[in-house]
Amino acid sequence: MDGIVRGGAALTGVLDLRAAQRHARDRLRAGGVGSADLDARLLVAAAIEEDWTVLVSHPERPVSARERTLIDALIARRLSGEPVSRILGEREFWGLDFEIGPATLDPRPDTETLIERCLEIAQAQDWQAGAPAVLDLGTGSGCILVALLSEWPGATGIGLDRSYEALRVARANAGRHGLEGRSAFLCGDWDEALGGTFDIIVSNPPYIPSADIRGLAREVADHDPRGALDGGADGLDAYRRIVPAAAKRLRPGGWLAVEVGAGQADAVAELFAANGLRPGAGLDAIARDLAQRGRVVSMQRPPLS
Ligand SMILES: C[S@@+](CC[C@H](N)C(=O)[O-])C[C@H]1O[C@@H](n2cnc3c(N)ncnc32)[C@H](O)[C@@H]1O
């Protein structure tokens with residue numbers, strides 16, 4: 001199998017961008033891809049190495065034979081279940097562009113609930129005036145740390161992961177957003193190799209119960225690294241390590257904020273409370289996403305009185 005002609009015929013003859021985009025869209029639709037319009041635009045633009053706006057501004061631009069071959073190859077990858085973000089090696093998160101790779105989770109829009117909660121905490125703590133020290137456990141592409149440091153101009157942060165390759169990507173993303181002077185990246189098994197204390201510790205750890213991984217959409221199961229997904233038998237293994245470790249690394253008054261999976265918020269909130277953390281600043285311990293699911297748990301180490 002050449003892997004090129006699936007879900008319709010390959011591109012042939014002289015084409016302009018308008019025709020190439022239509023052809024790509026029709027093949028993706030025929031292959032059952034729900035986001036065929038958007039994906040066709042992004043994949044054609046990637047193949048011709050131009051911004052997608054050229055498809056609107058210059059639809060009559062001819063497509064070379066080499067570009068046609070590339071478009072076909074990218075469509076074939078999409079039809080085989082690879083997400084567009086993986087094909088492009090890029091994902092937008094919090095309005096910022098991130099490199100992603102085989103060792104990193106593809107950042108999810110759901111994780112923006114964690115950023116929103118951190119901004120609420122910062123406002124309540126009046127950190128804008130100071131310089132919070134941030135720790136991101138399981139930083140992956142670095143998306144959470146980079147988003148927070150871009151919001152907090154005085155802040156510094158450490159991104160930690162056990163994957164060297166993920167850390168290479170995270171460091172590149174920090175550099176891309178001009179944050180190399182305010183960020184550092186460390187390899188380790190959660191906090192084991194770490195010193196120091198922090199104003200806020202954040203994490204989006206692996207939380208999918210092991211037995212559920214096989215049932216995930218193939219875009220996820222086949223392309224996100226297993227080490228970024230697998231949370232053990234009940235999905236809570238990482239929280240059992242992270243919460244007690246983080247509680248000891250918070251300055252008095254410091255915050256821990258973590259993303260949680262479906263139905264996990266109450267159990268994780270109990271774990272926080274059992275480790276001496278308390279809700280604060282008038283914020284509910286559980287922050288909900290747009291679908292009203294408990295998505296983030298945040299509490300603070302009680303301030304010194
Ligand atoms: C769900 S991904 C989150 C990545 C990124 N923070 C995001 O939100 O897109 C979890 C991350 O935790 C890392 N990880 C898993 N187990 C770890 C451990 N024991 N110590 C450090 N990092 C770990 C994985 O390599 C992965 O990058």
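Predicted model: local features only at pLDDT ≥ 70, side-chain atom pairs only at ≥ 80, totals over all residues.

User: Which strand pairs with β11 over three bridges, and in what sense?
Analyst: That is β10, residues 286-288, and the two pair in the antiparallel sense.

User: How many residues sit between the strands in that hairpin?
Analyst: Five residues lie between β10 and β11. Gln292 in this hairpin takes a positive phi near 70 degrees.

User: What about β9, how many bridges does it form with β11?
Analyst: Strand β9, residues 250-259, pairs with β11 over five bridges, again in the antiparallel sense. As for a residue pair, Val258 stands opposite Val297 in β11.

User: Is β11 largely enclosed or open?
Analyst: Strand β11 covers residues 294-300, and seven of its seven residues are buried, so the strand is largely enclosed by the rest of the structure.

User: Let's zoom out. How many helices and strands are in the protein chain?
Analyst: There are 11 helices and 11 strands. The chain has 305 residues, of which 43% count as buried. Its C-alpha trace spans about 75 × 40 × 35 Å along the principal axes.

User: What share of the contacts comes from residues 24 or more positions apart?
Analyst: They account for 66% of the contacts in the chain with a separation of 6 or more.

User: New topic. Where does UniProt place the "binding site" feature?
Analyst: The unreviewed UniProt entry puts it at Asn204, Pro205, Pro206 and Tyr207.

User: Where is Asn204 in the fold?
Analyst: Asn204 is in the loop between β8 (198-203) and α9 (218-221). Tyr207 also has its place in the loop between β8 and α9.

User: Why does Asn204 count as buried?
Analyst: Because Asn204 has 25 C-beta neighbours inside 10 Å, and the cut-off for buried is 20 or more.

User: And Tyr207, buried or exposed?
Analyst: Tyr207 counts as buried, because it has 23 C-beta neighbours inside 10 Å.

User: Which residues is Asn204 in contact with?
Analyst: Leaving aside neighbours within four places in sequence, Asn204 contacts Thr111, Leu114, Gly138, Ile144 and Glu259. Glu259 belongs to β9, which runs over residues 250-259.

User: What does Tyr207 touch?
Analyst: Not counting residues up to four places away in sequence, Tyr207 touches Gly231, Gly235, Ala238, Val260, Gly261 and Gln264.

Definitions and conventions
Residues numbered from 1 in each chain as written. UniProt positions renumbered as here; feature names shortened; annotations may be inferred. Helix = DSSP H or I, 4+ residues; strand = E, 2+ residues; numbered from the N terminus. Buried ≥ 20, exposed ≤ 12 C-beta atoms within 10 Å, placed from the backbone. Contact = placed C-beta atoms within 7 Å. Pairing = 2+ DSSP bridges.
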